[in-house]
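Good morning, and thank you for joining this group meeting.

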Amino acid sequence: GSVLAVGSVQQRALDEKVAKARAVGFPFEAKDIEPKTKPAAGQNAAKLYLALDPTLKSIAFTDPVGGPVAINKGVDRDLSKAELAALATYLLEAEPVLDLFTRASKMDGCYFEHDWSKGAMVLLPEYASVKQAAKMVAARAYLRAGKSDLKAVDDLAAIRRAAAHVAQQPPLIALLVAISLEAIEMRAVEKVLPFVWEDADMCGALRDEVRLQPEQWDLSSQLRTEAFFAWWCSDRLPFDADYSGFYGPANDQPDALIKVGAKTATIVRGVKMKVLELHIPAIRDYIPGGNARAVYAALETRSRTIESGSMVVGPLVSRMSPAYMAIPDGLDRHKARKLMLLAAFDVLEHRRKHGQWPSSLEVAGVKSKDPFGGRPLGYRIDGDGFRIWSVGADLADNGGLTSEEANSSSKRDEVLVLRP
């Protein structure tokens, strides 16, 4: 009787929490995370992106190994002549893939149709092929820029537009893929700059393209989708399972469960309550483009509090939660790379005008602040070139050392090194 009484009280509390969640737009059903408007059939880039993988697999490449190796290695001035030749041949034969990617990027919108009622079980194979095609397009941009061909900038713009398409998708992973696509574009610009820095027209076009990269995305859709996935998981916890042995990731067998009888219903309701407590404030408080770091920091804090607050409910909810701070850190890292690149263009322009590297970024006219901590970006002349850096998510200034130079994966900065 006491278990039933407790269950009745808990169910009423859950019902009240659900009502509050509905009031702020919490997505309880798959239809709640569908976009309000979708691109017209003739302007939905998804169809072309989905054709990338089968098109690539249909091509009989002369050298099916050399080209991909060069692409995945990362286009670099240190590629051998043989590797560059293999890359050029591979990209020429891959023209149907590059054409698909470019045409898709020019479409008004993109939406990949999925059965979101499957929740966290939905497979998303399209992102891998889009990312691989972006690497191929970036490699072509590198080769074109080496010949002072301004079509290189068109290639980079295609990657930026594709990133915007991917960022429109509901899952959080889509946003992370979009950030990685922008990183591919910026890395290509970094690789191109050493041998085009005296070409004012090319540098001007590249700088204009970098300026077009977004510094923030609207995360409303991703916040709602993660909330839906967590609820979807909690809604499928069986009431007759064995939960008392669930001790979380530290347990040797975290999924080993022990019978606890009627109390399992209490555990399931407890998980649902905590899922709502975790996500309601984020959906309610998020301001597009304005407070992502604060919202995700609060999510991380609530998630840790919930995980440590109950031996069973906490770890279960934790399993439904991603590493929240990876999102604002990734966005700020992207913004830092963009600001560093724009600063590099200013430094190069100063060199073209005055015949020497500026003594500081301020002398070059750079006023940008590091997204991590708000201090000026780091800068120093480095041999026959220079380096610009952001302190990164740890907020520790390591003097512009890369992880290799610091011999540490943790004590490092976000660094751009340029040696024309």
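**A serine and a cavity**

Serine 390 has its place in strand S2, residues 385-390; strands here are DSSP runs of E, at least two residues, and helices are runs of H or I, at least four, both numbered from the N terminus. The model is predicted, so that local features need pLDDT of at least 70 and side-chain atom pairs count only at pLDDT 80 or more, while totals for chains, interfaces and linings use all residues. Residues are numbered from 1 along each chain as its sequence is written, and side-chain values use heavy atoms, with hydrogens and water left out.

Why does serine 390 count as buried? Its relative accessibility is 0%, and buried means under 20% relative accessible area with a 1.4 Å probe, protein chains only. Leaving aside neighbours within four places in sequence, serine 390 is in contact (heavy atoms within 4.5 Å) with residues including Ala336, Phe372 and Asp413. A polar atom of the serine 390 side chain lies 3.2 Å from the backbone nitrogen of glycine 392.

I turn now to the cavity. A cavity is a set of points on a 1 Å grid over the protein atoms alone where a 1.4 Å probe fits but cannot get out, and lining residues have an atom within 4 Å of a point. The count is one cavity of 30 Å³ or more, and the largest cavity holds about 60 Å³ of space, a volume being the space filled by probe spheres set on the points. Helices H11, H12 and H13 each supply at least two lining residues, and H11 gives the largest share, four residues.

Definitions and conventions: Buried < 20%, exposed > 50% of the residue type's maximum accessible area, 1.4 Å probe, protein only. Polar contact = N/O pair within 3.5 Å; in protein donor to acceptor, adjacent residues only side chain to side chain. 1 Å grid on protein atoms, 1.4 Å probe; cavity = no way out; pocket = protein on both sides within 12 Å on 5 of 7 lines; lining within 4 Å.
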